Amino acid sequence: MQGDHVSDAVESLGLLYEELGDYDKKFQQSAKWAAEGYGWPMYYVAECYENGKGVTENQDKAIEWYQKAYECHGEVAGHAAFRLGCIYDEQGNWETAFAWDRRGAEEGLDWCMRSLANRYRDGRGVSKDLKKAMEWYEKAYNLHGMIAGDAAYQLAGIYSDEENDEKKWEWTNKSANEGYDEAMIDIGLCYDGDDVSSEDQAKAMEWYQTAYAQHGTAVGDAALLIAMMYDRQEQAEKAFEWYSKGAEEGSEDAMYFLAQSYEYGAGVQANREKAIEWYQKVVDCHGDEEVEAEEHLQALLKEIEEG
């Protein structure tokens, strides 16, 4: 029991030094306790070697210490196995990466379960097997941890490919209920459109707003969709507000429409300099809107040149 308390204390100490950005202390103290046989300090030593923080980067040393942490079993084992899977994946050694994900999944870590499912789905490091992929996604979901929403969303994607709409939406809803923003957007899109009732429009807006509030990977897309709804409702100022939010979150389409707002004075006072600034950012993204943004940019620059 006393050993458990010491282990918890050194784990907390490592996290504290991480938060403070004192990586030298993190490495020194972790190395001290790792030598005493504690698992989480071994993990932190490996982490320092992997990222070159507090010590010179050394992937071989990172692997060595993650393996030692894994051999301690308990909670740290799954996390160590996950990092080993990531390292071997980056090295292109997919078979070994698969083996470590398998070990981590067997230790009960949902991140490894999700990664293992990805490998079965894609046939990376193992023969493609959708049945096993679905089995591991569901196991990851059933733990209701940080990646439950993503695991459910991947299941929805598989059912979508199989054209099983009932199962697709069942898992999309489960994903959304776990706080996964991409699933929320998919549900919102079901209610959105030009010819839908005001009640359905309200539902779409609610789902987009909820997705935006997660501030996850789809936050820019959520802001863009909210802005487009306001645009269709001819609420130019609200559309401008949300195009701005989407642009700040990195949505290329939101940047483009924000530039248009500044160019034509839609929802904001016309501002040629701001329009040029945002068109340039769109061009720099080198995405679908690049050509049109470049045309607007050159036209505005020509106007300035001609006075």
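**Side chains up close**

Author: Let's start with Lys-281, which makes a salt bridge to Glu-277, with the closest N and O atoms 3.6 Å apart. (The term covers a side-chain nitrogen of Lys or Arg within 4 Å of a carboxyl oxygen of Asp or Glu.) Bear in mind that this is a predicted model, where local features need pLDDT of at least 70 and side-chain atom pairs count only at pLDDT 80 or more, while totals for chains, interfaces and linings use all residues. Numbering runs from 1 along each chain as its sequence is written, and side-chain values use heavy atoms, with hydrogens and water left out.

Back to that pair. Both residues sit in helix α16 (residues 272–285), 4 residues apart, about one turn of the helix. Helices here are DSSP runs of H or I with at least four residues, numbered from the N terminus. Lys-281 is partly exposed at 34% relative accessibility, and Glu-277 is partly exposed too, at 32%. For those labels, buried means under 20% relative accessible area, exposed means over 50%, and partly exposed is in between, using a 1.4 Å probe and protein chains only.

Across the whole structure, the search turns up 20 salt bridges. Another one joins Glu-50 and Arg-83, whose closest N and O atoms are 2.4 Å apart. Glu-50 belongs to helix α3 (residues 39–51) and Arg-83 to helix α5 (residues 75–90), so this pair ties together parts that are 33 residues apart in sequence. Glu-50 counts as buried, at 9% relative accessibility.

Arg-119 and Asp-101 also meet in a salt bridge, at 2.5 Å from N to O. That pair links distant parts of the chain, with Arg-119 in helix α7 (residues 110–122) and Asp-101 in helix α6 (residues 94–106), 18 residues apart. Arg-119 is buried at 2% relative accessibility, and Asp-101 is buried at 1%. These two also belong to a network of salt bridges that links Asp-89, Asp-101, Arg-119, Arg-121, Asp-122 and Arg-124.

Now for the rings. There are 16 aromatic pairs in the structure. Rings of Phe, Tyr and Trp (its six-membered ring) pair if their centres lie within 6.5 Å; planes under 30 degrees apart are stacked, over 60 edge-to-face, and the rest tilted. Tyr-141 and Trp-171 make an edge-to-face pair, 5.0 Å centre to centre with 80° between the planes. Tyr-141 lies in helix α8 (residues 130–142) and Trp-171 in helix α10 (residues 165–177), so this contact ties together parts 30 residues apart in sequence. Tyr-141 is buried at 10% relative accessibility, and Trp-171 is buried with a relative accessible area of 4%.

Phe-240 and Tyr-262 have ring centres 5.4 Å apart and planes at 85°, so they are edge-to-face as well. Phe-240 comes from helix α14 (residues 236–248) and Tyr-262 from helix α15 (residues 252–264), so the pair bridges parts 22 residues apart in sequence. Both Phe-240 and Tyr-262 are buried. Elsewhere, ring pairs join Trp-40, Tyr-43, Tyr-44 and Tyr-66 into a cluster.

Some rings carry a charge over the face, meaning NZ of Lys or CZ of Arg is within 6 Å of the ring centre and within 35 degrees of the ring normal. Arg-103 lies over Trp-100, 4.3 Å from the ring centre. Lys-245 does likewise over Trp-242, at 3.9 Å.

A nonpolar core is a set of buried Ala, Val, Leu, Ile, Met, Phe, Trp, Tyr and Cys residues joined through side-chain atoms within 4.5 Å. The largest has 42 residues, of which Tyr-212, Ile-226, Trp-242, Leu-258, Trp-278 and Tyr-279 touch the most other members. Helices α11 (181–191), α12 (198–214), α13 (219–232), α14, α15, α16 and α17 (290–306) each supply at least two residues of this core. Its largest share, 9 residues, comes from α13. Leaving out residues up to four places away in sequence, Trp-242 touches Gln-209, Tyr-212, Ala-223, Ile-226, Ala-227 and Tyr-230, where contact means heavy atoms within 4.5 Å. A second, separate core of 25 residues includes Tyr-44, Ala-46, Ala-80 and Ala-81.

Last, the cysteines. The structure holds 0 disulfides, a disulfide being a pair of cysteine sulfur atoms within 2.5 Å. For Cys-48, the nearest cysteine sulfur, that of Cys-72, is 16 Å away. Cys-48 is buried, at 2% relative accessibility. Cys-86 is in no disulfide either, with the nearest cysteine sulfur, from Cys-112, 7.9 Å away.
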